[in-house]
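Subject: A structure for you to look at

Hi there,

Here is the structure I promised to pass on. Have a look at it first, and then read on for what turned up.

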Amino acid sequence: MDKKTFLKSITLLGAGALVKPSLANGLFADENLVDWQYQTPPFTLPKLDYEFSALEPHIDALTMEIHHDKHHAAYVANLNKAVENSRFSGKDLKTIMYELTADDTAVRNNGGGHFNHSFFWKLLTPNCSKKPIGKLAKAIDIQFGSFEKFQEQFNNAAKSRFGSGWAWLSANKKTNELFISSTPNQDNPAMWNVLKEEEQGVPILALDVWEHAYYLHYQNKRPDYISAFWNVVNWEYAEQNFSS
Ligand code: MN
């Protein structure tokens, strides 16, 4: 379909309210088709690409349901309140991450919560290849020596994060080199105005190590949850994040 025909069909459909046209990013798209990173307020809770039970036995259905429907939903609702009538209104989620400062407490906590969880759900899959693929696989070997050495370093970052937070694989903002880090609370490597320069990056892989992510099934055994994570990683999505 060429652009003219496409616009025409959108106009016709628009009358029936079947399609809600949006000019975000210069694209006409149903809101659900907009990549979560480019969502603008009001933010919505993204649907999962799989059932709550799809990641069992590694991540149990009840944990997934509460994590998505209660925890993530609360971040979305509170973020919408925080950005309303603020300098962030109308900006997309990724841009908000890049621009927020340490003083924007509510946007930092809830925007981070929405960004991190939307990202995390996409990074999980019942069809895990068990190993990285493509350019990312090569880059991991070059940067860390091997996939096993990378895993060991990532596991340590996830285990040693005290209290609530996240472990990350990111590409350095300036050099594009891969690095592993961990952040407290709902901070993430895309919060460039919050982090030290060497911690600023573009996220590729993430693991939620808040107790709400694993406590029902694993209780205090965070290391068991971390090992289980490697059985449900969506390496295709991680590869997309690296290549784009
Ligand atoms: Mn969480």
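Which backbone nitrogen does the side chain of Asp104 reach? The nitrogen is that of Thr101, at 2.9 Å. Before going further, please keep in mind that this is a predicted model.

Let me stay with Asp104 for a moment. This residue is found in the loop between α3 (93-99) and α4 (105-122). Its relative accessible area is 16%, under the 20% cut-off, so Asp104 counts as buried. The side chain of Asp104 also makes a polar contact of 2.6 Å with the side chain of Arg87. Not counting residues up to four places away in sequence, Asp104 touches Arg87 and Phe88.

Next, the metal site. A manganese ion is held by four residues: His67, His117 and His212, each through NE2, and Asp208 through OD, at 2.0 to 2.1 Å. Along the sequence, these donor residues follow the spacing H-x49-H-x90-D-x3-H. Both Asp208 and His212 are buried.

Another loop to visit is the one between β2 (178-184) and β3 (201-208), where Asn188 lies. With a relative accessible area of 0%, Asn188 is buried. The side chains of Asn188 and Asn116 are joined by a polar contact of 3.0 Å. Leaving aside neighbours within four places in sequence, the contacts of Asn188 include Met97, Phe115, Trp168 and Leu195.

Trp230 and Trp235 are both buried. Ring pairs also link Trp36, Phe115, Phe119, Phe120, Trp121, Trp166, Trp168 and Tyr237 into a cluster. Over the ring of Tyr237 sits the charged end of Lys122, 6.0 Å from the ring centre.

Finally, the nonpolar core. The largest one has 62 residues, and Phe150, Leu169 and Trp235 touch the most other members. Leaving aside neighbours within four places in sequence, Leu169 is in contact with residues including Leu136, Phe144, Phe150, Leu178, Pro203 and Leu205.

Enjoy exploring it!

Best wishes

Key
Residues numbered from 1 in each chain as written. Predicted model: local features only at pLDDT ≥ 70, side-chain atom pairs only at ≥ 80, totals over all residues. Heavy atoms only, no water. Helix = DSSP H or I, 4+ residues; strand = E, 2+ residues; numbered from the N terminus. Buried < 20%, exposed > 50% of the residue type's maximum accessible area, 1.4 Å probe, protein only. Polar contact = N/O pair within 3.5 Å; in protein donor to acceptor, adjacent residues only side chain to side chain. Contact = heavy atoms within 4.5 Å. Donors = N, O, S within 2.8 Å, 3.2 Å for Na, K, Ca; no water. Phe/Tyr/Trp six-rings, centres within 6.5 Å; stacked < 30°, edge-to-face > 60°. Lys NZ or Arg CZ within 6 Å of the ring centre and 35° of its normal. Core = buried A, V, L, I, M, F, W, Y, C linked by side-chain atoms within 4.5 Å.
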